Amino acid sequence: MDVKEIEVKSKALTKAVTSNDTPATIVGILKELQKGVHPTEDLLRTTRIGIIVNKLKQHKSPDVARLAGEIVSKWRSEVNKQKASGAAAAARKSPNGAASPAAATTPSDKTDKPSVPPDKRTWKADGVDINVTGNKVRDSCVGLMYDGLCFTTTEPPKAVLAKATAVEAAAYNVYGPETKEQYRTKIRSLFQNLKNKSNPQLRMRVLTNEVSPEQFVKMSHEELKSAERREEDARIQKENMDKAMVAQAERSISTSLQCGKCGQRKVTYTEAQTRSADEPMTLFCTCMNCGKSWKQ
């Protein structure tokens with residue numbers, strides 16, 4: 001695609017997003033850009049297409065967010081290679097402009113690009129060396145972080161390993177040493193959230209340093225959730241709260257619950273799941289003696 005064609009696709013993409021078109025429509029345009037754009041730094045700067053596609057990494061559709069992330073990673077990688085090639089070519093030239101015979105082109109490192117499909121990537125499949133800390137437990141945790149970060153991405157293995165190492169180091173500084181259960185539990189939690197197929201935005205936010213390793217290891221369970229999951233949890237909570245407010249035909253009576261106002265243990269209650277599914281149920285209580293109501 002030339003500049004004009006890219007600008008046309010850029011306008012179509014922006015219109016599709018602002019008009020809330022279906023994810024399939026947006027994915028179709030992104031695939032055309034993925035196939036047709038041969039990125040250079042000047043081209044991306046002139047058309048601003050990189051900025052537009054990059055914003056879609058936060059799209060509510062996982063398919064759109066994943067594809068946008070792959071495209072941005074690919075374009076960034078190609079532009080960086082072009083810069084590196086230009087610098088290497090300049091370095092190989094002698095002062096009179098001729099190529100130096102002593103400067104031979106070095107073979108590409110096997111870790112410059114993934115050798116397996118994005119959804120099959122692991123540190124073993126990519127052939128990287130995770131022995132970076134000199135500690136067996138910590139190196140295994142670096143491997144876990146690598147496996148979580150590389151999943152469904154096309155980022156170069158070297159870049160993923162560097163980020164995995166930084167994340168492990170940040171976790172070690174906050175929750176370590178490696179013998180503490182808190183450190184191991186946190187690493188497992190981070191891995192599970194990174195590997196979540198429905199939350200590709202989290203992987204890309206960490207890989208692009210939108211979220212730094214230091215921020216990432218301190219994020220709460222709620223902050224690690226995808227926007228879609230948070231919306232769904234809020235919807236379920238609202239539905240359950242609405243149901244809980246409806247008068248109940250029968251209420252259970254407990255003598256183990258105590259009224260905080262009169263101290264009596266004659267309390268009726270109902271239960272409702274007002275929080276996410278993995279949270280305990282909420283009790284809606286009423287004292288039969290003084291009528292005080294509360295929830296716990």
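**Notebook: cavity, pocket, sheet and a helix**

I began with the lining of the largest cavity, where α10 supplies the largest share, 3 residues. The model I am reading is a predicted one, and I keep that in mind for every entry below.

**Cavity.** I looked up how many cavities of 30 Å³ or more there are, and the count comes to 1. For the largest cavity I noted a volume of about 40 Å³, and I listed its lining as R66, E70, F151, T152, T153, P200, R203 and M204. When I asked which helices each give at least two residues to this lining, I found α5 and α10 (200–207). Sorted by class, the lining of the largest cavity holds 3 nonpolar, 2 polar and 3 charged residues.

**Second largest pocket.** I then turned to the second largest pocket, whose volume I recorded as about 220 Å³. Of the 11 residues that line this pocket, I wrote down K74, S77, K81, K113 and T154 as the closest to its centre.

**Sheet.** Next I traced an open sheet of 4 strands, which I read in the order β1-β2-β3-β4 with antiparallel pairing. I marked β1 (252–254) and β4 (293–295) as the edge strands, because each of them pairs on one side only. On average, I noted, neighbouring strands of this sheet are turned by 30° against each other, with direction ignored. Within the sheet I followed strand β2 (residues 267–272) and strand β3 (residues 282–287), which pair in the antiparallel sense over 6 bridges. For A272 I looked up the bridge partner in β3, and that partner is T282. As a reminder to myself, strands of a sheet pair through backbone hydrogen bonds, either parallel or antiparallel.

**Helix α2.** Last, I checked the length of helix α2 (residues 23–36) against expectation: with 14 residues and 1.5 Å a residue, α2 should span 20 Å, and I find its end C-alpha atoms 20 Å apart, so the two values agree. The expected span counts one less than the number of residues, a point I needed for this check on the helix. I also asked which residues of α2 are buried, taking buried as under 20% relative accessible area, and I listed I26, V27, I29, L30, L33 and G36.

Definitions and conventions:
Residues numbered from 1 in each chain as written. Predicted model: local features only at pLDDT ≥ 70, side-chain atom pairs only at ≥ 80, totals over all residues. Heavy atoms only, no water. Buried < 20%, exposed > 50% of the residue type's maximum accessible area, 1.4 Å probe, protein only. Pairing = 2+ DSSP bridges. Axes fitted to C-alpha atoms, helices over the stretch in contact; angles between N-to-C directions. 1 Å grid on protein atoms, 1.4 Å probe; cavity = no way out; pocket = protein on both sides within 12 Å on 5 of 7 lines; lining within 4 Å. Points joined across faces, edges and corners; volume = space filled by probe spheres on them. Nonpolar A, V, L, I, M, F, W, Y, C, P; charged D, E, K, R; others polar.
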